[in-house]
Amino acid sequence: MASHARALDYQARWEGKLGGKKQFYIPQRVASGNFTRDPGREILVLDSDGYAYFLGWRGHEFVNLWITSNPVSPGRASALAAADVDNCGYSEGAILGPDGQLILIGGGNKNFKVICKACLPQAYAKFRGDFIAPVQADADRAQELLIIGTMDAKPWMLVVEADGSKTRVLKAAPMPDADGEVMSLWPASDPPDDRLFMYVYRGIRGDAIVPIRLSEEGATAEETISLAKSGMAVHAVFAADADNNGAVDLYISGTKGKGKDAKPAMVHFSPGAGPGAEAFRPFPSNMPDPGFLVAPDLNGDDIREIVLISYSGKARVMSVASLSLEVNGKTVKKKNSLMLVNKRPYIPASVLPGAKVLKKDSMVFVKAGRHSLVVDTLTGEGMLSLPGEEEAKPIELPVSENQGVVFYDAIKLCDALGIKAGWDLLTQTLTLTNK
């Protein structure tokens with residue numbers, strides 16, 4: 001049940017376009033994985049022309065790390081997964097092209113290229129894949145790939161092991177009857193094991209999640225989880241281990257209400273939490289029809305964020321962090337020492353390390369080392385004296401008042417006074433140091 005409480009604590013921290021204002025691609029497939037040596041995980045996006053874009057979180061926004069110089073898929077891919085198929089410590093991209101053929105890309109750190117096209121052995125040349133997900137099908141540490149598709153017009157599943165440009169099919173078996181149209185496929189745990197979830201569309205009978213377990217004989221469907229009690233018109237289902245407990249949770253996107261009163265909504269569900277309506281908990285996101293959801297640890301702090309992405313490339317990053325202030329390596333527990341104004345950190349001058357603060361009426365005098373500042377708290381206008389300069393120069397600081405305490409834009413105040421300040425948007429931590 002811990003994941004339920006955690007999910008309710010998620011708050012939107014950032015919204016924007018994945019590639020910034022100059023974004024010129026429309027995401028068709030999205031996955032997250034460990035593609036660089038940097039802390040945290042990255043996001044891999046495929047566009048409709050088959051180019052691969054690698055994006056990383058840097059401080060307070062996503063940045064484009066690199067783009068493949070050539071398309072890695074001959075057109076719009078039908079599926080994408082990230083998996084460390086060779087146990088190198090980095091993720092490879094596993095793509096099902098528009099023709100359902102398996103494509104592997106890898107290389108790491110801007111050297112990504114196509115490892116193989118039509119990677120399946122010749123015996124499976126007639127197989128056409130529709131869905132792909134990483135699994136752990138044997139005892140080695142490398143991840144395998146589960147591919148669901150058709151062969152000779154019948155639903156089949158393949159478990160594929162990759163070694164460089166060579167692949168080997170470990171298992172090939174008919175798929176159990178899903179009793180509906182399979183819409184998506186995900187691992188049931190992270191790291192993946194031998195269990196998966198399928199989202200199945202069943203029309204007026206109500207959509208469902210069908211758990212799948214792999215065995216030596218093939219795949220077995222376990223007890224179906226009905227989505228009818230979610231109380232929603234289901235548009236899409238996503239899976240992610242956002243609370244990092246190893247078990248994948250489900251995020252159901254759709255609408256609540258009827259006709260003109262229908263509004264975007266999302267609920268969160270942990271398989272095994274129970275069959276009743278109480279198992280579906282509201283999730284605080286009203287993004288209309290998100291196309292993708294991934295839950296990578298973007299900044300390497302062992303806390304996973306949830307990233308919602310629309311088909312237009314708009315993204316929302318959500319985290320569970322709470323406000324925290326660290327001064328010279330020590331956490332400040334004093335109340336009313338940090339607040340957010342328009343998502344920017346604001347602090348009272350009294351928390352500045354090594355600073356002397358005097359106040360007279362609406363005027364505040366701050367001295368930090370050889371920097372000194374006088375500011376009118378009513379207007380934010382002031383004068384700043386810098387070392388080596390004879391004349392003070394005018395400065396304007398954004399100010400705000402809370403419970404009788406004057407707060408200043410922390411980054412601008414520290415920059416003026418020569419104090420190092422760092423703001424981590426995802427962990428909601430402000431660090432100040434004068435050492």
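## Two domains

This protein splits into domain 1 (3-319) and domain 2 (324-433), with the bounds taken from an automatic or database domain assignment. It's a predicted model, so local features need pLDDT of at least 70, side-chain atom pairs count only at pLDDT 80 or more, and totals for chains, interfaces and linings use all residues. Residues are numbered from 1 along each chain as its sequence is written, and side-chain values use heavy atoms, with hydrogens and water left out.

Taken over C-alpha atoms, the centres of domain 1 and domain 2 are 43 Å apart. Twelve residues from domain 1 and seven residues from domain 2 take part in the contact (contact means heavy atoms within 4.5 Å).

## Where the domains meet

The size of an interface is often given as the accessible area lost when the parts come together. Here, domain 1 and domain 2 bury about 740 Å² between them, with 58% of it on carbon and sulfur atoms. That buried area is the accessible area (1.4 Å probe) that two parts lose on being put together, summed over both.

On the side of domain 1 that touches domain 2, the elements giving two or more residues are β1 (11-17) and β25 (314-319). Strand β1 gives the largest share, three residues. Strands here are DSSP runs of E, at least two residues long, numbered from the N terminus.

## Salt bridges

Side chains of opposite charge can pair when their charged atoms come close. The rule for a salt bridge asks for a side-chain nitrogen of Lys or Arg within 4 Å of a carboxyl oxygen of Asp or Glu, and the count comes to nine salt bridges. Take D190 and R304: their closest N and O atoms are 2.6 Å apart. D190 sits in the loop between β14 (181-187) and β15 (195-201), and R304 in the loop between β23 (292-294) and β24, so this pair ties together parts that are 114 residues apart in sequence. At 23% relative accessibility D190 is partly exposed, while R304 is buried at 13%. (Buried means under 20% relative accessible area, exposed over 50%, and partly exposed in between, with a 1.4 Å probe and protein chains only.)

R344 and D409 form another salt bridge, with closest N and O atoms 2.7 Å apart. R344 is in strand β29 (residues 344-347) and D409 in strand β36 (residues 405-409), 65 residues apart. R344 is partly exposed at 34%, but D409 is buried at 1%. There's also a network: salt bridges that share partners join D194, R213 and E222.

## A few residues to look up

S310 lies in the loop between β24 (306-309) and β25, and is buried at 11%. Its side chain makes a polar contact with the side chain of S312 (2.8 Å).

Now try A153, in the loop between β11 (144-151) and β12 (154-163). Phi of A153 is near 65 degrees, a positive value in a residue other than glycine, and A153 is exposed at 77%.

Conventions:
Helix = DSSP H or I, 4+ residues; strand = E, 2+ residues; numbered from the N terminus. Polar contact = N/O pair within 3.5 Å; in protein donor to acceptor, adjacent residues only side chain to side chain.
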